[in-house]
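The entries follow the order in which I looked things up.

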Amino acid sequence: MTWRILVAEDEGLAAMAIEDELVRAGYEVVLAPDGQAALEAADREPPDLLLTDLRMPRLDGSGLIRALRAARPGLPVVVMTGYAPAGGANAFGREGEGPVALFPKPLDMDAVLAELRKLLPGP
């Protein structure tokens, strides 16, 4: 099984670098330049995990997480941001919802990949 990761990132070069790393690690990647595009992509192809920035045009990461989790509360989420919210990862999760991990930018891709392996175990 190949896990599908939806990456919502408005910085094009960062998105491509993340995509390269994830594809190299064996994941299927769907890129979206903002939260609204990510919602539309998730409607077409439901992701196994969301990897999202917080500050994006049209729909920010917090709104995207809320919208996707309204339909799929168990969706694992990895947040990447240069502006960590008060409360850290706990700011995004509610009781009964899937796990949330928070990583500061610039990303330590080794740490992100290790977290993905925990959240999306091998077949």
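**Entry 1: the sheet**

I began with strands E1 and E3, which run parallel and are joined by four bridges. I noted that Ala8 stands opposite Thr52 in E3. The model I am reading is a predicted one, and I kept that in mind throughout.

On to the pairing of E1 with E2: E1 covers residues 4–8, runs parallel to E2 and is joined to E2 by five bridges. There I looked up Ile5 and found Val29 of E2 as its bridge partner. I then turned to E3 and E4, again a parallel pair, with four bridges between them. Leu51 has Val78 in E4 as its bridge partner.

I then wrote down the whole sheet: it is open, has five strands in the order E2-E1-E3-E4-E5, and its pairing is parallel. Strand E2 (28–32) and strand E5 (100–104) each have a single partner strand, so one side of each is left without a neighbour in the sheet. On average, neighbouring strands are turned by 20 degrees against each other, direction ignored.

**Entry 2: strand E3**

How many residues of E3 are buried? I counted five of its five, and I recorded E3 as mostly covered. In a regular strand the side chains alternate between the two faces of the sheet. I checked the directions in E3: Leu49, Leu51 and Asp53 point one way, Leu50 and Thr52 point the other way, and all are buried.

**Entry 3: helices on the sheet**

I looked next at helix H2 (residues 35–44), which lies across E1 and E2 and runs at about 160 degrees to E1. Helix H4 (residues 109–119) also packs on the sheet, where it touches E1, strand E3 (49–53), strand E4 (77–81) and E5. I read about 175 degrees between the direction of H4 and that of E5.

**Entry 4: H1 against H4**

Two packed helices are described by the angle between their axes and the distance between the axes. For helix H1 (residues 12–24) and H4 I noted an angle of about 50 degrees and axes 11 Å apart. H1 is therefore oblique to H4. Their crossing is right-handed. Which residues make the contact? I listed Ile18, Glu21 and Leu22 from H1, with Met109, Leu113 and Leu116 from H4.

**Entry 5: the nonpolar cores**

I found 20 residues in the largest nonpolar core. Those that touch the most other members are Leu6, Ala38, Leu50, Leu64, Ile65, Leu68 and Val79. At least two residues each are supplied by E1, E2, H2, helix H3 (61–71) and E4. H2 gives the largest share of this core, five residues. Apart from this core lies another, of 19 residues, among them Leu22, Val29, Leu51 and Leu120.

**Entry 6: loops**

I went through several loop residues in turn. Arg58 has its place in the loop between E3 and H3. Its phi is near 65 degrees, a positive value in a residue other than glycine. Is Arg58 buried or exposed? I found Arg58 exposed, with a relative accessible area of 60%.

Pro73 is in the loop between H3 and E4. I recorded Pro73 as partly exposed, with a relative accessible area of 37%. Pro73 and Gly96 are 23 residues apart in sequence, and their C-alpha atoms are 7.4 Å apart in space. Leaving aside neighbours within four places in sequence, Pro73 is in contact with Gly96, Glu97 and Gly98.

Pro99 lies in the loop between E4 and E5. From Pro99 to Leu75 I read 24 residues in sequence and 7.5 Å in space, C-alpha to C-alpha. Beyond its neighbours within four places in sequence, Pro99 is in contact with Arg69, Gly74, Leu75, Pro76, Val77 and Leu119.

A cis peptide bond joins Lys105 and Pro106, with omega at about -5 degrees.

Definitions and conventions. Residues are numbered from 1 along each chain as its sequence is written. This is a predicted model: local features need pLDDT of at least 70, side-chain atom pairs count only at pLDDT 80 or more; totals for chains, interfaces and linings use all residues. Side-chain values use heavy atoms; hydrogens and water are left out. Two strands pair if DSSP finds at least two bridges between them. Axes are lines fitted to C-alpha atoms, for helices over the stretch in contact, and angles run from 0 to 180 degrees between N-to-C directions. Contact means heavy atoms within 4.5 Å. A nonpolar core is a set of buried Ala, Val, Leu, Ile, Met, Phe, Trp, Tyr and Cys residues joined through side-chain atoms within 4.5 Å. Buried means under 20% relative accessible area, exposed over 50%, partly exposed in between (1.4 Å probe, protein chains only). Angles under 35 degrees count as roughly parallel, over 145 as roughly antiparallel, 65 to 115 as roughly perpendicular and the rest as oblique. A crossing is left-handed if the near helix is turned anticlockwise from the far one by less than a right angle, and right-handed if clockwise.
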